[in-house]
Amino acid sequence: MPQTKNLDQFEDLVSEFGSCLLSVYREIQDFGGSTARAMFYQIAQAIMKIPYSAIALKKVGIAILGSFLGLKNRNYLFVSLKMLCLISQKYSSEVSRHNSLIMKCVNDKDFSIKRLALEILLRTTDAENLREVCQLFFKELRKESNQRKAQEMASQCFELIQRSGSSRLEIVDLIFELFQALHANVNLTTAPLLHKFYVISTG
């Protein structure tokens, strides 16, 4: 790690490098070249493994990984989620900026991708961003036509609310919103969730 007196100068230099790197990446990603993507994935991976670097550079690595979540390439999607999952607790606020894309992965047919996406959400959701993440769940629930998937997603959202560390009032309020979202799926069996809600409300 650099000496303390040179730390600010070092971080400024690293931040400038990170900004330049991200600008180059944004310029070339539109071309869709697999070679370029592979190279930048390796760069992002290397950035996240550096024992010390300015947060600005870490943000660049996370931004690159996050951009891969929108690709159709399954390999990039999986490896990016895996890397984001590994760093999600330490850099939760930066990773959570990609929650909208991560949320889409929750409904992926590939169980390994779905599991990683859920793990990221569980690691990065706290009392501060709980409502934002829940709104993503609610949005997906309202349009999910597959009852089994909707039931599973509702249970996951319920567990997320319970584990958030939010106030009791906030938890009850979000659970009510959860059931409002479920109302669109009239055939969905909500009895198990209603029982859990009763226990929380009266416990």
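Which side chains meet in a salt bridge of 3.0 Å, N to O? They are those of Arg123 and Glu119, a salt bridge being a side-chain nitrogen of Lys or Arg within 4 Å of a carboxyl oxygen of Asp or Glu. The two residues are 4 apart in helix 7, and therefore about one helical turn separates them (helices are DSSP runs of H or I with at least four residues, numbered from the N terminus).

This is a predicted model, in which local features need pLDDT of at least 70 and side-chain atom pairs count only at pLDDT 80 or more, while totals for chains, interfaces and linings use all residues. Residues are numbered from 1 along each chain as its sequence is written, and side-chain values use heavy atoms, with hydrogens and water left out.

Across the whole structure there are 5 salt bridges. One of them joins Asp108 to Arg74, with the closest N and O atoms 2.4 Å apart; because Asp108 lies in the loop between helix 6 and helix 7 and Arg74 in helix 4, this pair ties together parts that are 34 residues apart in sequence. Asp108 is buried at 16% relative accessible area, whereas Arg74, at 35%, is partly exposed (buried means under 20%, exposed over 50%, and partly exposed in between, with a 1.4 Å probe and protein chains only).

A network of salt bridges links Arg131, Glu170, Asp173 and Glu177. Within this group, Glu177 is found in helix 10, residues 168–182, and is buried, with a relative accessible area of 17%, while Arg131 is partly exposed at 28%.
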